[in-house]
Structures are given as C-alpha cells and as structure tokens.
Amino acid sequence: MDNQIRMGGFKILPEGVKNLLIINVLVFLATYVFQKTGICDLEKWLGLHYFGAPDFHIWQIITYMFMHANFEHIFFNMFALWMFGSAIENHWGTKRFLIYYIITGIGAALVHYVIIFFQIHPTIALFNQFLDNPSLDTFRYLVENNKDVRLKDMFANNLLCLQQNPGSLDELVYITANVKDQLLNSFTIVGASGAVYGLLLAFGMLFPNDRIYLYFLLPIKAKWFVVIFGAIELITGLTAVDGIAHFAHLGGMLFGIILILLWRKTDRNTYYYHYDDYYNSNGDDNDSGVVSKFRAKMAARKAQRTSSASKYYVSSESGRPLSDEEYNARKADEKLHIDAILDKISAKGYDSLTAEEKDFLFKYSQK
C-alpha cells in the first residue's frame, strides 16, 4: 500500500495548485508593470518587512509569498509548486493542502526574522539607547560598540562633528532615527520558497521512496533528497552571505514536519476513538460484530470503484499507471494482510494489535 498513490479524482493540475500558480503569475506581472510605469512599488507594500520596520504591515506575512524578485525566482518556485504540490494536494485534498502551504509560508517568515532579530538586536539596542537619552556620551558609546561596518565610518564622522559642534545634537538625533528606520526597512523577503520547501518536506514524508531526478539525470529517493537539501540550506545559512533567506527555507521545512506530525497524531487518535466508540456501541462481548461490519464497509467501497483499476492508481516508484494485473496483485496482498489483522481482532480483541497493525488498519480504512 505504501508503494502506490491513490488516484481517485486525480488531477494533473488540481484546484489549489492551479489557483496558487495563477495568483503568483498575476502578482509578478503586476509588479513588473507597476514598476515600469511608476504607479507604485508593490514590493514595498506586499513584500514582508522586518516586524519592527516602519514599512511593515500585517498583511505582508501572507502577501510576501506571492511576490518574486525576477523571472528565474518565480519560474523555479512555480515549477516546484506544481511538481510537488500536485501530488500532495491529490493525496490530502485541496483544503488541507492550502492550509499547509500558508502555514509553512508563515512559519518560514517567522524563523527568518527570528534569526534577523538576533543578528541586529545589538545594533538596534545601541540606536535606542542614544535616541532615548541623546548626549555626546551615549553617541560615543554607540560609535565605539557598533559592529555594523556599513555604519561605523558614518557614525565616526558624525561623532567628530558633534564634538566640534555640540549644538548639532538635535540634528544628529533626527539623522540617527532615519538611519535606524532605513536599517529596519532594508530587511525584506519575497517569494514562495519557504512554502515550497515545506512542500518538499511533505513530499519526502508522504512518498519517501519515490525517485526524484536531480538535475533531470540523477535518480534519488525523495527522503534523501529532502535530507540533502535541508543540510545544504543549513550549511549555506550559517556560512554564506548571498542575499538568500536560507533560514526561511529551513523554517518552511520545520513548520511542515511539525504540522504533518500533529495531523498524523490527530488522524490516528480520531480513528481509534471512533473505532472504540463503534465497538462499545455494538454491544458484543468481542470484536466479531465490529469486524463483520468493517468487512461489509470495505466491500461496499470496493463495489463503488470502477472495474478499470489502472484509471485510479499509479506507481509511486515509477510514476506510471498500474496495469490491471499489477493492481490486482497488490490488492490481493493487501487483502491477505487486512484479513489476518481482522481475524486477530476477532480472536484476541482490538488491543492485541501492534502499533504497525493499527497503522495499517487506519491507512486501509482511509482508502
């Protein structure tokens, strides 16, 4: 069962992915047109600024995901959205897929700016110390303890002017406040990369043994693909200064794994709760009545399926439709396994099942 993707209602371009692609492309075109015509700078209004920046607005935590810096940026993000997102949406459904996409995008931004906070907090604290208590001493302290090389020379010149002309303190307060605002506004992120890395993580967890062709040539299992890219992002985030929000990518993956694990726990608990409730309400001294009804339920679902199995299943390993013979062989193996589990329930009770058997029963009941 783990080697196939259920295809009932399968779409090459499902609704959630399609709508996300449309919105991203429209926003990208609008950004280009508005910039060329001078109407407005959409990045200023829709890109996500640092939470303490003057240009920050609450809606940016959503809108930044639909902004992109250039064609290459949007092309690769949208390609990955379609490549991984289509399989995930077909597996989860549109509602859960979109919830996951938005939450991982928000999580990516939160992680990115938590890192930025720790990077710039010492400098901002020096600014605030001077602005809260303007004096020659507090400004000298700002200059001597500032670690930002971009500002150090300018502040040193301002300190020299202040020492020669103490009356320039008010003007220096105004200049320093503007420099602080410019520094905060300089941290802006755009793009769907954080949410896309969340999708990559989800694909690796849902279809760990699927093969992804690295650079369209080298086959690699999805689970190792995720591990490798996560490690690359961590290393480059710690060592590189390239203007790419590597920790936002890691944030998308982090929130993704948390959300998936929470959903898995919730789904299993809900299933086990309903099973126990169903068993208790059955009134039998053993599980035989529940097993019979479970078998009947599965038989009814099977009767509703089309006889052409290859229309409903593809192999997650090769990505090709399964033949009727392959499908029937896999279903026969599944039936033998599920019958053994149900026989065990009848003989020894539901509590006798192992965790693996309960998980198999849970997954089978969702089909």
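**Close-up views of a predicted model**

View 1. Look for Leu-21 in helix H1, which covers residues 15-37. Once residues up to four places away in sequence are set aside, Leu-21 touches Leu-13, Met-78 and Leu-81.

View 2. Is Glu-89 buried or exposed? Glu-89 is buried, as its relative accessible area is 3%. Its side chain reaches the backbone nitrogen of Val-17 at a distance of 2.9 Å. Val-17 is also one of the residues in contact with Glu-89 when neighbours within four places in sequence are left aside; the others are Pro-14, Glu-15, Gly-16, Thr-94 and Phe-97.

View 3. Which residues make the nonpolar surface patch of about 790 Å²? They are Ile-12, Leu-13, Phe-71, Phe-75, Phe-76, Phe-79, Trp-82 and Met-83. Take Phe-76 as your guide: this phenylalanine sits in helix H4. With a relative accessibility of 49%, Phe-76 counts as partly exposed, because the exposed class starts over 50%.

**View 4. Inside the largest nonpolar core.** This view turns to a core of 72 residues, the largest nonpolar one, in which Leu-81, Phe-84, Ile-88 and Tyr-100 have the most contacts. Helix H5, residues 94-132, gives this core its largest share, with twelve residues. Another core lies apart from it and has six residues, including Ile-341, Leu-342, Ile-345 and Leu-353. Back at Phe-84, the contacts beyond four places in sequence are Leu-199, Leu-200, Phe-203, Ile-212 and Phe-225.

**View 5. Stepping back to the whole chain.** Of its 367 residues, 43% are buried. What share of the contacts between residues at least 6 apart in sequence join residues at least 24 apart? That share is 67%. The chain exposes about 20,400 Å², and 61% of this area is supplied by carbon and sulfur atoms.

How values were computed: Residues numbered from 1 in each chain as written. Predicted model: local features only at pLDDT ≥ 70, side-chain atom pairs only at ≥ 80, totals over all residues. Heavy atoms only, no water. Buried < 20%, exposed > 50% of the residue type's maximum accessible area, 1.4 Å probe, protein only. Polar contact = N/O pair within 3.5 Å; in protein donor to acceptor, adjacent residues only side chain to side chain. Contact = heavy atoms within 4.5 Å. Patch = residues over 30% accessible without salt bridge, like charges linked within 9 Å, V, L, I, M, F, W, Y side chains within 5 Å. Areas by Shrake-Rupley, 256 points an atom, 1.4 Å probe, with all protein chains shown as cover. Salt bridge = Lys/Arg side-chain N within 4 Å of Asp/Glu carboxyl O. Helix = DSSP H or I, 4+ residues; strand = E, 2+ residues; numbered from the N terminus. Core = buried A, V, L, I, M, F, W, Y, C linked by side-chain atoms within 4.5 Å.
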